[in-house]
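Here are my notes for anyone opening this one up for the first time. Have a look at the model, then read on.

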Amino acid sequence: MSIRLDAVSKSFGDHKVLNDVSLSIEDGTFFVVLGPSGCGKSTLLRTIAGLEPIDAGEVLLDGRKVAGERFHVPPEQRQVGVVFQSYALWPHLSVAGNVAFPLEAAGKGRSVVSARVDDCLETVALSEFGQRKPAELSGGQRQRVALARCLAQGAGTVLMDEPLANLDPHLRGVMEEELSSFHRASGGTTLFITHDQREAMALADKVAVMWDGKILQVDDPDTLYRRPMSKEVAGFIGRST
Ligand code: ADP
Ligand code: MG
């Protein structure tokens with residue numbers, strides 16, 4: 001689905017965390033929001049997912065308004081999947097139980113849930129692991145369970161908040177490859193958040209550079225690298241290479 005933010009603002013107390021943010025993400029794009037810690041990336045993702053109401057502006061999914069001033073469509077009615085850095089798996093449920101959980105919560109029937117869970121576990125190459133508990137898996141496998149759960153509910157649109165930040169460098173590389181192929185295979189929209197410039201450049205069709213609650217520049221990685229439009233962007237893109 002397409003994702004659009006029109007002049008979205010959000011404050012916590014007198015701290016304006018999102019300051020008049022506008023973004024237009026075309027359907028099917030691997031879109032990365034890149035910015036330093038504390039600049040408002042997670043808050044931005046949460047407003048799209050429906051986990052955070054906004055003060056002003058509008059959020060539209062496929063042209064449908066889902067958030068505005070005093071207007072808020074709840075997360076379970078937005079058809080987007082979310083993956084967080086911490087995986088947030090239920091330790092007492094099996095792998096299959098974790099993937100099934102949001103579908104069951106949304107009131108889907110048993111056979112639908114079971115077929116969907118099998119499908120999504122197959123996609124992340126964890127078919128054999130359905131009956132295990134999260135504690136019995138490696139970090140990378142747990143991240144794949146989180147991804148499967150996200151795919152199960154996401155209807156092709158996934159929002160990922162620094163999903164690889166806890167992984168060791170090798171696994172990170174492997175998961176980057178996997179995320180790219182999931183994205184291509186699903187044909188859906190991926191919104192990926194990171195503070196890591198290298199990761200952004202490796203994965204993105206388009207990158208939005210965020211700084212102190214504002215979007216400074218949106219471009220493809222190559223253009224961003226060659227033609228940064230401000231010294232903040234130049235500094236941030238250059239710094240960690
Ligand atoms: P990022 O993901 O880029 O690190 P966040 O969106 O998490 O940034 O946070 C942006 C700013 O908003 C930070 O200063 C953070 O402390 C503040 N913030 C985030 N969530 C809350 C909250 N629920 N209450 C108060 N302040 C918050
Ligand atoms: Mg964050």
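Predicted model: local features only at pLDDT ≥ 70, side-chain atom pairs only at ≥ 80, totals over all residues.

1. Overall build. The protein chain has 8 helices and 11 strands. Its C-alpha atoms fill a box of roughly 50 × 45 × 30 Å along the principal axes.

2. How does the radius of gyration of the protein chain sit with that of a compact globule? It agrees: a compact globule of 241 residues would have a value near 18 Å, and the protein chain has 18 Å.

3. Inside the fold. Of the 241 residues, 39% count as buried. If you take the contacts between residues at least 6 apart in sequence, 66% of them join residues at least 24 apart.

4. Which residues surround ligand 1? Phe 12 and Val 17 are among them, along with Gly 35. The rest of the shell is the run Ser 37, Gly 38, Cys 39, Gly 40, Lys 41, Ser 42 and Thr 43. Sorted by class, that shell has 6 polar, 3 nonpolar and 1 charged residues. Helix α1 (residues 41–49) gives the largest share, 3 residues.

5. Now to helix α2, which spans residues 95–105. Its buried residues are Val 95, Ala 96, Asn 98, Val 99, Ala 100 and Leu 103. As a reminder, an α-helix has 3.6 residues a turn, so residues three or four places apart point the same way.

Note on methods: Residues numbered from 1 in each chain as written. Chains lettered and ligands numbered in written order. Buried ≥ 20, exposed ≤ 12 C-beta atoms within 10 Å, placed from the backbone. Helix = DSSP H or I, 4+ residues; strand = E, 2+ residues; numbered from the N terminus. Near = placed C-beta within 6 Å. Nonpolar A, V, L, I, M, F, W, Y, C, P; charged D, E, K, R; others polar. Rg over C-alpha atoms; globule rule 2.2 N^0.38 Å. Contact = placed C-beta atoms within 7 Å.
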